[in-house]
Amino acid sequence: MTVRELDAAGITDPALRDAYTRCRRLNARHGKTYFLATRLLPVERRPAVHALYGFARWADDIVDSLDAGLPAHRRAADLARLHERLRQGLRDGESTEPVVLALADTARRYAIDHAHFGDFMASMRSDLEVTDYPTYDDLRAYMHGSAAVIGLQMLPVLGCVVPREEAAPHAAALGVAFQLTNFLRDVGEDLDRGRVYLPADLLAAHGADRELLRWSRRTGRRDPRVTAALRAFEDLTRGVYREAAPGVAMLEPVSRPCIRTAFVLYGGILDAIADDGYAVLHRRAVVPRRRRAAVAADGLVRLTAARMRAGVARRTPPSADPAAPSLAPGGSAVPARSASAHPAHRAVTVHPVQPLHKEVS
């Protein structure tokens with residue numbers, strides 16, 4: 001499949017082909033949910049998505065290195081080195097670092113704003129220094145670089161049927177929704193790394209705090225205050241999904257099945273967390289394989305229909321089909337198990353107008 005993707009994308013240089021292949025392997029290994037969804041994209045667009053997510057995963061692995069003994073200043077140095085290679089790659093189109101080489105080529109092919117990559121690296125540096133967030137506004141500012149810009153990077157690859165600036169806020173919101181989902185699922189693992197992404201004011205509103213989370217993680221015992229705070233964070237996350245939902249219909253029809261599938265699968269992680277009683281401090285919630293397969297199959301049906309419509313449109317004389325493209329979201333359902341949001345954060349916005357740098361499985 002890799003060869004077919006590269007051939008379809010017109011990537012012929014051997015070094016580039018190797019670079020894109022490495023990015024694809026990173027995604028296949030670390031981001032099972034989103035990798036599954038990318039299989040529904042037109043084959044020629046997949047390498048670009050692998051490059052964008054492969055680079056994000058590479059940077060994230062530096063920040064969250066499995067080598068627990070690696071000191072923070074070494075991680076910072078490695079991240080700074082990657083950032084310098086990124087700047088050079090974007091400027092020259094060349095790099096000895098495969099993930100940077102693939103990213104630079106994708107940025108050139110799709111005219112992706114280089115500022116998005118700088119914002120992403122700024123959030124990665126923040127992860128080396130910041131271990132908690134007093135308010136949701138603080139977390140939102142971090143997520144602009146870590147999640148919202150990922151959605152904005154993706155938009156030129158996916159294509160739009162509306163002006164890009166109209167779709168951009170929804171694309172950014174979807175990146176944020178995916179990352180909030182990961183934050184909720186990975187509360188325990190992040191706590192082990194010394195980080196808490198749940199805003200302190202949200203925790204405090206339910207009588208919880210970082211120490212209570214640590215106690216629950218350490219002892220394996222539950223506390224209703226923690227459960228209430230986790231439920232409120234879920235409500236907050238579903239609100240961001242509602243912001244993102246209209247953007248699915250703004251994408252090119254052949255891209256919608258991929259993003260709708262990712263949308264539904266990530267929303268399914270929230271369902272799995274709720275069904276497991278918000279036990280994320282003690283075990284990881286996962287979407288059952290049968291559920292993932294069913295959603296993917298539905299996406300394949302939608303993709304086939306979109307391709308058939310596109311084929312008919314190409315064969316139809318323009319004068320015979322004056323209607324504007326349909327913007328129906330193809331039955332895309334907003335994750336809506338919980339309709340209410342935490343009162344302190346009921347109005348959710350993306351600032352400014354970001355599967356994942358955190359992995360999804």
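These legends accompany several close-up views of a predicted model.

Because the model is predicted, local features need pLDDT of at least 70 and side-chain atom pairs count only at pLDDT 80 or more, while totals for chains, interfaces and linings use all residues.

View 1. Helices (H or I, at least four residues) and strands (E, at least two) are DSSP runs, numbered from the N terminus. Buried residues make up 55% of the 361 residues; buried means under 20% relative accessible area, exposed over 50%, and partly exposed in between (1.4 Å probe, protein chains only).

**View 2. The largest nonpolar core, with 102 residues.** Such a core is a set of buried Ala, Val, Leu, Ile, Met, Phe, Trp, Tyr and Cys residues joined through side-chain atoms within 4.5 Å. The members that touch the most others are F55, F120, L139, L180 and F233. Helix α8 (residues 136-158) gives the most to this core, namely 13 residues.

**View 3. Helix α9, residues 164-185.** From first C-alpha to last, this 22-residue helix reaches 31 Å, close to the expected 32 Å; the expected span is 1.5 Å times one less than the number of residues. Of its 22 residues, 18 are buried, so α9 is largely enclosed by the rest of the structure.

**View 4. Aromatic pairs, eight in count.** Rings of Phe, Tyr and Trp (its six-membered ring) pair if their centres lie within 6.5 Å; planes under 30 degrees apart count as stacked, over 60 as edge-to-face and the rest as tilted. F55 and F120 have ring centres 6.2 Å apart and planes at 55°, so they form a tilted pair. This pair joins distant parts of the chain, 65 residues apart, with F55 in helix α4 (residues 46-63) and F120 in helix α7 (residues 115-127). Y133 and Y142 are tilted too, with centres 5.5 Å apart and planes at 40°.

**View 5. R238 and its partner D271.** R238 sits in helix α13 (residues 224-244) and, at 0% relative accessibility, counts as buried. Its side chain makes a polar contact with the side chain of D271 at 2.9 Å. A polar contact is a pair of N or O atoms within 3.5 Å; within protein, one must be able to donate a hydrogen and the other to accept it, and residues adjacent in sequence count only if both atoms are side-chain atoms.

Technical notes: Residues numbered from 1 in each chain as written. Heavy atoms only, no water.
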